[in-house]
Amino acid sequence: MDEREQLLSLIISLEDQEEIERYLSQFLGESKAKAALLVDKSGTVIGGKGTASQFDFVTISALAAGAFSATQELAKLLGEEEFSLIFHQGKRNHLHISHIEKQVLLLVIFDDSTTLGMVRLFAQKACQNLAQIIRKIRERQKELPQVEISFGDVEDFFKK
């Protein structure tokens, strides 16, 4: 199974979701950031926590995932295997994007009530914890029976 197939088949249980959100809450408490989002590289939000409800998290996640992909191509052009993070600094709000593992990113929105150093320090720890959760989910999914669904099966389902 390639990385894209692994991503598409990532099934997150309620317990996994709660564990992810618990780590995101812990990260927010430690870093004093406004919001933290766990997203896949297509921009789909896997989990999120924070008080920055004025932001459109779905659009931010999609655009950040695109920016991260573009940055990875820049890294290759510069002879690097990857750039593991991106930082965007605004006048009031800032965005920190960390590469957690194969297909997952941590987006952090913060303001001047904390520092980039605090966000980077605690983002590293959060990325390690979140990577363990994602690996655990993937390992558990390998044990699930694989189901093959053909176009004919789908067509038959909708005829009923």
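# Helices, strands and salt bridges

Me: Which helix do Glu 73 and Lys 76 lie in?
Reply: Both lie in helix H3 (residues 57-77), 3 residues apart, which is about one turn of the helix. Helices are DSSP runs of H or I with at least four residues, strands are runs of E with at least two, and both are numbered from the N terminus.

Me: Before we go on, what sort of model is this?
Reply: This is a predicted model, in which local features need pLDDT of at least 70 and side-chain atom pairs count only at pLDDT 80 or more, while totals for chains, interfaces and linings use all residues. Residues are numbered from 1 along each chain as its sequence is written, and side-chain values use heavy atoms, with hydrogens and water left out.

Me: Back to that pair. How do the side chains of Glu 73 and Lys 76 meet?
Reply: They meet in a salt bridge, at 3.6 Å from N to O. A salt bridge here is a side-chain nitrogen of Lys or Arg within 4 Å of a carboxyl oxygen of Asp or Glu.

Me: Is Lys 76 buried or exposed?
Reply: Lys 76 counts as exposed because its relative accessibility is 52%. Glu 73 has 45%, so it is partly exposed. The cut-offs are under 20% relative accessible area for buried and over 50% for exposed, with partly exposed in between (1.4 Å probe, protein chains only).

Me: How many salt bridges does the structure hold?
Reply: The structure holds 6. One of them joins Arg 140 and Asp 16, with the closest N and O atoms 2.3 Å apart. Arg 140 is in helix H4 and Asp 16 in helix H2, so this pair ties together parts that are 124 residues apart in sequence.

Me: Is Asp 16 buried or exposed?
Reply: Asp 16 is buried, because its relative accessible area is 2%. Arg 140, at 36%, counts as partly exposed.

Me: What does Asp 111 pair with?
Reply: Asp 111 forms a salt bridge with Lys 34, the closest N and O atoms being 4.0 Å apart. Asp 111 is in the loop between S5 and H4 and Lys 34 in the loop between H2 and S1, so the pair links parts of the chain 77 residues apart. Lys 34 has 16% relative accessibility and counts as buried.

Me: OK, overall layout. How many helices and strands are there?
Reply: The protein has 5 helices and 5 strands. Along the sequence the pattern is α-α-β-β-α-β-β-β-α-α. Its C-alpha atoms fill a box of roughly 55 × 40 × 30 Å along the principal axes. Of the 160 residues, 39% count as buried.

Me: Which residues touch the most other members of the largest nonpolar core?
Reply: Among the 24 residues of that core, they are Ile 20, Phe 27, Leu 38, Ile 100, Leu 106, Val 108 and Leu 130. Helix H2 (14-31), strand S1 (35-40), strand S5 (104-110) and H4 each supply at least two residues of this core. H4 gives the most, with 10 residues. A nonpolar core is a set of buried Ala, Val, Leu, Ile, Met, Phe, Trp, Tyr and Cys residues joined through side-chain atoms within 4.5 Å.

Me: And what does Leu 130 touch?
Reply: Not counting residues up to four places away in sequence, Leu 130 touches Ile 20, Tyr 23, Leu 24, Leu 38, Ile 100 and Leu 106. Contact means heavy atoms within 4.5 Å.
Reply: Apart from this core lies another of 13 residues, among them Ala 35, Ala 52, Ile 97 and Leu 105.

Me: Where is Glu 19?
Reply: Glu 19 is in helix H2. Its relative accessibility is 16%, so it counts as buried. The side chain of Glu 19 makes a polar contact with the side chain of Lys 136, at 2.7 Å. A polar contact is a pair of N or O atoms within 3.5 Å; within protein, one must be able to donate a hydrogen and the other to accept it, and residues adjacent in sequence count only if both atoms are side-chain atoms.

Me: Last one. Where does Ser 42 sit?
Reply: Ser 42 is in the loop between S1 and strand S2 (45-50). Its side chain makes a polar contact with the side chain of Asp 40 at 2.5 Å, and another of 3.2 Å joins the side chains of Ser 42 and Thr 44.
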